[in-house]
Amino acid sequence: MTAVLARSLASLAAGLALYFAFPPTGLWWLAPIGIGVLYAVLALPDRTRPRAGFGYGLLAGLGQFIPLLKWIDSMVGALPWIGLAIACSIFYGAFGVLAARLTRVPGAPVWVAAAFTIAEWARSSFPFGGFPWGRLAFSQGDSPLVSLARFVGAPGLSFAVALLGTALAAAALTAWRRGAARGYAVPAAAALIVVTGAAAAWPTVGAPSPGRTVTVAAIQGNVPEQRWDVATQREAVLTNHLEETRRLAAEIRAGRQPQPDVVVWPENSSDVSPERDPSVDARMRAAAAEVGAPILVGSVHYDDTGRYYNSMILMTAEGPVERHDKAILQPFGETMPMRDFFRLFSSYVDMANNFTPGTGDGVVHPRRGDGPPLPLGVATCYEVAFDRSLRMSVANGAQLLTVPTNNATFGRTGMTWQQLGMSQVRAVELDRDVMVAATTGVSAFVRPDGTIAQNTRIWTADHLVETIALREGRTPAARLGEWGNIALLVLTLCGIAVAIRQDGWRFTQPASDHSTADRPTADQGTT
């Protein structure tokens, strides 16, 4: 019982280490440590059966996701927050079942790291379209390991972090067991591959671009923290973004800021559509004329059938010319799956919208005057968490990326910094500058090497202007696409095959095998 309690506490500690690896704390080096501790918990006992493996994995997940997703509480209350944390943790539990057996297979660090990454892929895919928040890769925006994202994408970066952790843990266990020198071979090789791979990739990240230079601006109008009635709140948000755009226009006229080629407002910066309200349309046209550039505005688009979309509408002095309709919608917010069922647990379900997912190519083409169009890739808020979103934009010619977002609902929680960390990884992965425009912050410009060139403070009205060189082409990671996940799935299946071939799918190590078992004890037995 004491051993079970100790391993349970260690599993929780592993999850907490993973939580602190993410922004805003940003102790990225804790990510491999957290995975290593969980690996040790699953590998130390010689009789970790599936139920125990599930329990230890679940506890690690709760240790990570309960604090990581605290921002959900500010929007819909404690029950959905804890429910989502448990749902995410179940995937860690499933990983624990696999890892409890794979830790006893030759080459265990590789198989276990692959299995963890596949558990992340599964969580990012279903149910309800998946929830990628909290992937290991997104903790590495400020890490030297982020350079790997250019070649192997977010899944490969997660695998590399997990592999570094499992390798270190396997080496520590070999030393604790006084194992033979060959027990260090796989951990040493795995750690060496990760470290040298990151070092070799680093010089290629964020290399100078020969592309044409453009100037872009992000507007952060801010949102009143007090909640008024809906109409008043919408008017205040729109007015704030118009006023901040006018301040930018005044600075341009005074020569304190360069003339931008495009101005980006955040998601939901005008919940009243300029396509349906002539007065809003007129005010936005005037703002575009005053600032001398098209404005990408977060609003709502309605089609002829009555369906509505969370849209980024490109406004010019002549009116709307193009838009990006958000394709990956947030369940339980922008859509409400199984509404009648979930209403039994929370009345908040009736606050969820019923947006229609968009079907565009993820690119808009703002043009200032007679100049050439600027291929601008768009991932609205939640979309940035999904690998396919901005990868599609780049495949369709985007040379600059933007992530307009509305984080006002989440107050002063860590959500906005967690999302900014995703933009850092995407910048490296796709070799593009990323501009983040947030209603309440943090708005930022992220360079292709993942560094943040400039950013705003949270809950302030502000604007950012940056001159960048456009980039073309696709990185190895962008070309790899989903094949990276498929390769990791094959790797996991190979580990399972090795386990079955070695000793069947049994969770007790034979007492005669002292190369990978714990130190022998009198009560070692078989299942």
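**Figure 1. The whole chain and its surface.** The accessible surface of the chain comes to about 21,000 Å², with 61% of that belonging to carbon and sulfur atoms (Shrake-Rupley method, 1.4 Å probe; for residues, only the protein chains shown count as cover). This is a predicted model, so to speak: local features need pLDDT of at least 70, side-chain atom pairs count only at pLDDT 80 or more, and totals for chains, interfaces and linings use all residues. Residues are numbered from 1 along each chain as its sequence is written, and side-chain values use heavy atoms, with hydrogens and water left out. Of the 527 residues, 55% count as buried (under 20% relative accessible area, with a 1.4 Å probe and protein chains only).

**Figure 2. The fold at a glance.** The chain has 15 helices and 12 strands (DSSP runs numbered from the N terminus: H or I of at least four residues for helices, E of at least two for strands). Its radius of gyration is 25 Å, close to the 24 Å that the globule rule gives for 527 residues, so the chain is as compact as a globular protein of that length (taken over C-alpha atoms; the rule is 2.2 Å times the number of residues to the power 0.38). Along the principal axes, the C-alpha atoms fill a box of roughly 85 × 55 × 35 Å. Among contacts between residues at least 6 apart in sequence, 69% join residues at least 24 apart (contact means heavy atoms within 4.5 Å).

**Figure 3. Helix 13 and the residue that follows.** Helix 13 (residues 415–430) has 16 residues and reaches 23 Å from its first C-alpha to its last, close to the expected 22 Å (1.5 Å times one less than its number of residues). The rest of the structure largely encloses helix 13, because 15 of its 16 residues are buried. Just after helix 13 comes Asp-431, with a positive phi of about 55 degrees. Asp-431 sits in the loop between helix 13 and strand 9 and counts as buried at 12% relative accessibility.

**Figure 4. Asn-268, another positive phi.** Most residues other than glycine have a negative phi, and most peptide bonds are trans. Asn-268 isn't a glycine, yet its phi is positive, about 60 degrees. Look for Asn-268 in the loop between strand 2 (262–264) and helix 10 (278–291); Asn-268 is buried, with a relative accessible area of 17%.

**Figure 5. Two cis peptide bonds.** The bond from Phe-126 to Pro-127 is cis, with omega near 0 degrees, and Pro-127 lies in the loop between helix 6 (108–123) and helix 7 (149–176). From Gly-441 to Val-442 the peptide bond is cis too, with omega near 0 degrees; Val-442 is in the loop between strand 9 (434–438) and strand 10 (444–446).

Methods
Buried < 20%, exposed > 50% of the residue type's maximum accessible area, 1.4 Å probe, protein only.
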